[in-house]
There are 2 protein chains.
Amino acid sequence: MPKITDAKILILATDGFEQSELERPLKDLKGKGATVHVATPDGSAIKGWDEDNWGDSVQADLALDAVKVEDYDAIVLPGGQINPDILRTNKDAVKLIKDFTAHGKTVAAICHAPWLLIEADVVRGRKATSYPSISTDLKNAGAHFEDSEVVVDNGIITSRSPEDLDAFVGKIVEEIEEGEHSRKAA
Amino acid sequence: MPKITDAKILILATDGFEQSELERPLKDLKGKGATVHVATPDGSAIKGWDEDNWGDSVQADLALDAVKVEDYDAIVLPGGQINPDILRTNKDAVKLIKDFTAHGKTVAAICHAPWLLIEADVVRGRKATSYPSISTDLKNAGAHFEDSEVVVDNGIITSRSPEDLDAFVGKIVEEIEEGEHSRKAA
């Protein structure tokens, strides 16, 4: 059984990520002994969004094009209204999410980040949740929408909002310790 | 033939509307002699978003629940990443857009505002455009996506971004002067 203390986890985000949805997983997963790296489109620091205005910046550990999928056990996608709306137009970011899924890695998206799962077309036939505003987009993308604090289907973890962060991070740890997922057909 | 000088046009928005996408249609349509009202969820002033930060406020003429569809020839929906993401969770706003469509009124949405057309489920089988980031959401909602400065299908006008505002406003005038649309089946 893989241990969270041996795990390597990637957080992918850009400007406008919801502050707590990057910082809490970063802190809590590191606190559990995992190695956690933050990747941004060009490797520069990115600016958070704290509820109703721009927030604090977070340093990047690497640029998107330097990420090797095989180095990681999981990818975590913070939300915010702005961050995933920008990232979904980045072909390399969308390809990376597809690659994590194709390799059976844990893929975790919270709040508005399931837009990235829609863009990567990895929720078709899967159970998923999200911030309420994008539930129609998830359903239209073929997901079975559930209004729960955390939903897992075949290694894809989704949550609704910052209030679900405890359940979200807890489920990331659980899924990583279960090991890589042999993706079942949807 | 209806004239733009006799037309009554409603702009519906909330906080985080893209500044130019509300102010330009408001100014230009008034400039052409139309009566233009701004409706907001509770009738209060709303705060714009000017490219990369909060912008100026705009006063409301009325609250959403005071709008009578039969009073207007058209509804205009400005974009922004924040405004339509909030508005689409407002059932009354979504119902109003459905009602404008059902009554054969002109419905115009720019940039990220086509999310509201998705939520109202009025683009199925229709040609439409949007800001590039939400093109997948439009396609998944059954729209035939076109990458053009302005697209019209059966009274529904869509444009991509502030750069398309001239074409967008021009087409609103044209559609209003054509008169109400007897909606064809999609």
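The model is predicted: local features need pLDDT of at least 70, side-chain atom pairs count only at pLDDT 80 or more, and totals for chains, interfaces and linings use all residues. Residues are numbered from 1 along each chain as its sequence is written, chains are lettered from A and ligands numbered from 1 in the order in which they are written, and side-chain values use heavy atoms, with hydrogens and water left out.

Helices (H or I, at least four residues) and strands (E, at least two) are DSSP runs, numbered from the N terminus. Buried means under 20% relative accessible area, exposed over 50%, and partly exposed in between, with a 1.4 Å probe and protein chains only. Contact means heavy atoms within 4.5 Å.

The buried residues of α6(A) are Leu165(A), Ala167(A), Phe168(A), Val169(A), Ile172(A), Val173(A), Glu175(A) and Ile176(A). Their cover includes β1, α1 (19-31), β7, β8, β11 (151-153) and β12 of chain A. After α6(A) comes Gly179(A), with a positive phi near 90 degrees.

Helix α3 of chain A (residues 91-102) has twelve residues, and its first and last C-alpha atoms are 16 Å apart, close to the 16 Å expected at 1.5 Å a residue. Its buried residues are Ala93(A), Val94(A), Leu96(A), Ile97(A), Phe100(A) and Thr101(A). Seen down the axis of α3(A), these buried residues fall within an arc of 155 degrees, so they line one face of the helix; the arc is that of the directions from the helix axis to the C-beta atoms. On the face turned away from the buried side, α3(A) carries the exposed residues Lys91(A), Asp92(A) and Ala102(A). Among the elements that cover the buried residues of α3(A) are β1 (8-12), β7 (74-77), α2 (83-87), β8 (106-110), α4 (114-119) and β12 (156-159) of chain A.

At the start of α3(A), a side-chain oxygen of Asn90(A) comes to within 3.0 Å of the backbone nitrogen of Asp92(A). Gly104(A) follows α3(A) and has a positive phi, near 75 degrees.

**Aromatic rings**

Rings of Phe, Tyr and Trp (its six-membered ring) pair if their centres lie within 6.5 Å; planes under 30 degrees apart count as stacked, over 60 as edge-to-face and the rest as tilted. The count is eight aromatic pairs over all chains. Two of them are tabulated here.

| Pair | Centre to centre | Angle between planes | Class |
|---|---|---|---|
| Trp49(A) and Trp54(A) | 5.3 Å | 80 degrees | edge-to-face |
| Tyr72(A) and Phe100(A) | 6.5 Å | 40 degrees | tilted |

Tyr72(A) lies in the loop between β6 (62-63) and β7 of chain A and Phe100(A) in helix α3 of chain A, so the pair ties together parts that are 28 residues apart in sequence. Tyr72(A) is buried at 3% relative accessibility, and Phe100(A) is buried with a relative accessible area of 0%.

Trp49(A) and Trp54(A) are both buried. One aromatic cluster is formed by Trp49(A), Trp54(A), Trp49(B) and Trp54(B).

A charge sits over a ring if NZ of Lys or CZ of Arg is within 6 Å of the ring centre and within 35 degrees of the ring normal. Lys47(A) lies over the face of Trp54(A), 4.3 Å from the ring centre. In chain B, the charged end of Lys8(B) sits over the ring of Tyr72(B), 5.2 Å from its centre.

Thr136(A), in helix α5 (residues 135-140) of chain A, is buried with a relative accessible area of 16%. Not counting residues up to four places away in sequence, Thr136(A) touches Arg88(B), Ile118(B) and Glu119(B). The side chains of Thr136(A) and Glu119(B) are joined by a polar contact of 2.6 Å. A polar contact is a pair of N or O atoms within 3.5 Å; within protein, one must be able to donate a hydrogen and the other to accept it, and residues adjacent in sequence count only if both atoms are side-chain atoms.

Ser161(A), in the loop between β12 and α6 (165-178) of chain A, is buried with a relative accessible area of 14%. Leaving out residues up to four places away in sequence, Ser161(A) touches Glu21(A), Ile110(A), Cys111(A) and Tyr131(A).

Most residues other than glycine have a negative phi. Asp121(A) has a positive phi near 55 degrees; this residue lies in the loop between α4 and β9 (127-128) of chain A and is partly exposed, with a relative accessible area of 39%. Glu51(B) has a positive phi of about 70 degrees. Glu51(B) is in the loop between β4 (46-49) and β5 (54-58) of chain B and counts as exposed at 68% relative accessibility.

Notes
The expected span of a helix is 1.5 Å times one less than its number of residues.
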